[in-house]
Amino acid sequence: MSKITQIEGKAVPVEGNDIDTDRIIPARYLKEITFTNMGKYPFYDERFDAEGRPKGHPFDLPQFAGAHILFVNQNFGCGSSREHAPQALMRFGIRAIVGESFAEIFAGNCTMLGIPTATVSHAEMEKLQALVKAKPETKFTLDLEKKTLLSEGKEHLRFDIHESKRNALVNGTWDSTGILLANAGKTAEVAQKLPYVNGF
Amino acid sequence: MSKGTLYNKVWDAHVVDKLPTGQYQIFIGLHLIHEVTSPQAFDMVAEKGLKVAYPGRTFATVDHIVPTKSQARPFADTEAEQMMGAIERNVRNFGIPFFDFNSGNQGIVHIIGPEMGLTQPGMTIACGDSHTSTHGAFGTLAFGIGTTQVRDVLATQCLGLDALKVRRVNVNGELKPGVTAKDVTLYIIQKLGVKGGIGYAYEYGGSVFDNFTMEERMTVCNMAIEGGARAGYVNPDQTTFDYLKGRKYAPGTSPEAMAKVDEAKWQKAVAYWKSVASGHDAQYDDVVNFNGEDIEPIVTWGITPDQSVGVNDKLPEVGKFSADEVKTVELAYKHMDLKPGSPIKGTPIDVAFIGSCTNGRLSDLREAAKVAKGRKVAKTVRAFVVPGSQQVKAAAEKEGLDKVFTEAGFEWRGAGCSMCLAMNPDKLKGREISASSSNRNFIGRQGSKDGRTILMSPAMVAAAAVEGCVTDVRELMQHH
Ligand code: SF4
């Protein structure tokens with residue numbers, strides 16, 4: 001599996017605290033039994049009116065087209081555990097998310113898809129969002145080894161990321177099935193010792 | 001660092017390994033699946049050429065997309081029918097027990113686990129659904145997970161998880177009449193915030209929890225996730241054991257004679273369950289204390305579950321919030337079309353929804369029926385009751401609750417999630433505003449992107465239904 005150490009690209013800001021996964025992807029799109037089409041739907045109800053015309057959401061503004069890094073505020077991805085939310089963002093083109101804080105299940109789901117969730121302070125995020133609005137062409141580099149965010153190749157700020165998530169990404173172990181499976185023997189031993197597994 | 005808590009004991013008993021990432025590989029004792037978050041996971045297992053490692057430890061049901069008016073197949077909604085077909089195929093191919101419509105045990109995944117005795121103290125539980133925290137009411141560590149993690153549990157019966165901190169949340173004293181477990185959980189979220197629990201498991205305790213029934217404990221643990229805590233639990237006690245004894249999958253229950261319990265086996269299980277409870281000398285990363293007497297019937301007014309007030313309070317001024325909350329507060333007032341400083345009581349409602357994994361159990365329906373009995377749903381309100389499971393439905397009908405509701409003008413439906421998230425035909429239309437016993441008031445949650453939700457207890461929903469507006473249920477209780 002690939003090691004993820006650097007993510008480069010333009011950024012797109014989506015402002016607001018407590019943006020829940022129902023807003024990231026409305027439940028009606030969860031009726032599809034594959035993730036294939038999810039890239040069409042992120043923030044659907046905030047992006048389009050009843051006739052399907054764009055309402056001017058950042059995801060549809062030409063200056064942010066092709067952005068790989070998403071700038072968000074507090075508690076992003078709260079609510080439903082639906083992996084459809086990071087799937088939708090990823091399939092839309094998002095490779096990394098920088099925010100003030102993330103809901104736990106969402107951040108875990110992102111890591112499993114190879115998407116880093118990096119955190120910065122409120123003041124720093126306000127500056128980043130202002131910068132990208134003023135200069136949308138700015139090229140950012142998220143360096144997971146150094147935990148720095150560079151703009152136009154120059155160090156801009158340091159970010160935090162949950163250490164186990166960072167390790168999984170930089171070591172290429174974010175798709176965890178293989179690692180867990182390698183411990184099948186130990187798993188059986190643990191199961192053996194649990195009274196309820198063996199009917200007491 | 002917490003020490004000697006149920007969290008520590010259950011976690012330690014299930015650690016398979018410390019992973020190179022710093023996460024822990026945790027054995028999952030019970031895996032529950034439903035139709036929405038599992039099909040992609042089964043596809044991934046098949047694509048990798050893997051098997052389901054412990055098929056006897058996964059149980060399946062259908063709840064999110066099922067229509068509640070008629071469950072005849074094929075469903076009118078072709079996407080829902082396709083999704084139903086996928087789970088039927090997957091449980092057959094992978095040998096997983098399935099509680100479908102014919103089983104008599106179908107229902108919301110977090111309601112059927114406990115009611116069949118699958119959920120037992122000391123277990124680790126996972127389900128591709130954030131409200132898996134519900135099962136913590138039994139003294140389990142129960143985690144909501146995403147679909148790729150569902151794949152991991154299917155393929156390995158394990159998850160890679162980060163260790164959590166433990167916050168003890170005490171509610172002592174007594175609740176006032178008319179105040180319910182739903183009000184307690186909304187109160188805790190109001191006080192600690194929707195992000196307050198990030199990184200924590202909540203251990204709920206104190207005299208209010210000691211006195212709660214299992215169904216009340218489930219209502220509180222259900223909404224731990226709305227406070228940001230991935231898991232919430234109550235230590236197991238006699239109330240827990242009494243609830244479980246004789247249930248279909250509980251220790252010592254024999255499938256042939258469910259009434260007869262193998263006492264020796266049962267006692268062994270109880271002894272084990274007692275051993276996993278937090279010790280008197282347990283240490284917590286944080287402790288918070290609340291008084292039961294301070295809690296009023298609570299209703300939400302905004303778009304996150306912590307935007308709530310006592311039903312007799314005025315809506316908060318925007319200036320009362322911290323600078324970083326203001327944007328969400330302004331968005332909430334705009335979306336809800338409510339005004340700071342005005343009362344919430346008297347706000348007209350269009351729809352009344354009683355159900356969900358928070359409040360779709362028998363005791364919830366009983367409380368709502370007490371209010372509905374002998375009254376009529378207001379002409380302006382569309383009201384319906386959706387039992388959380390086929391078993392709840394059958395038990396309610398045996399008591400005649402269905403008649404109480406239908407005579408009052410509520411529709412009586414089949415079991416499922418229904419308008420909690422509106423993936424089935426039950427939806428708000430346009431700007432409709434609902435009084436709802438569910439758990440999320442997010443924008444768009446109930447099926448219309450402009451629709452609005454006011455969360456409250458099931459008895460309060462019944463009161464709102466008959467009065468046509470947000471009402472303090474205690475006023476109706478006095479007149480009865
Ligand atoms: S009732 Fe609502 S919250 Fe509960 S599982 Fe169903 S959709 Fe999720």
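Student: How many residues of chain A are in contact with chain B, and how many of chain B with chain A?

Tutor: This is a predicted model, in which local features need pLDDT of at least 70 and side-chain atom pairs count only at pLDDT 80 or more, while totals for chains, interfaces and linings use all residues. Residues are numbered from 1 along each chain as its sequence is written, chains are lettered from A and ligands numbered from 1 in the order in which they are written, and side-chain values use heavy atoms, with hydrogens and water left out.

At the interface, 57 residues of chain A are in contact with 77 residues of chain B, contact meaning heavy atoms within 4.5 Å. The size of an interface is often given as the accessible area lost when the parts come together. Here the buried area is about 5,500 Å², and carbon and sulfur atoms give 58% of it; this is the accessible area (1.4 Å probe) that the two parts lose on being put together, summed over both.

The rule finds eight salt bridges across the interface of chain A and chain B, each requiring a side-chain nitrogen of Lys or Arg within 4 Å of a carboxyl oxygen of Asp or Glu. B:K327 and A:E15 form a salt bridge through their side chains, at 3.9 Å from N to O. On the side of chain A that touches chain B, at least two residues each come from helix 1 (21-24), helix 4 (104-112), helix 6 (163-170), helix 7 (177-182) and helix 8 (184-193) of chain A; helices are DSSP runs of H or I, at least four residues long, and strands are runs of E, at least two, numbered from the N terminus. The residues of that side divide into 22 nonpolar, 20 polar and 15 charged. In this division Ala, Val, Leu, Ile, Met, Phe, Trp, Tyr, Cys and Pro count as nonpolar, Asp, Glu, Lys and Arg as charged, and the others, Gly among them, as polar.

Aromatic rings also link the two chains: ring pairs join A:F200, B:F241, B:W266, B:Y272 and B:W273 into a cluster. Rings of Phe, Tyr and Trp (its six-membered ring) pair if their centres lie within 6.5 Å; planes under 30 degrees apart count as stacked, over 60 as edge-to-face and the rest as tilted. Over all chains the structure holds 30 aromatic pairs. One of them, B:Y202 with B:Y204, is edge-to-face, with 6.1 Å centre to centre and 85 degrees between the planes.

As for chain A as a whole, it has eight helices and eight strands, and its C-alpha trace spans about 65 × 45 × 25 Å along its principal axes.
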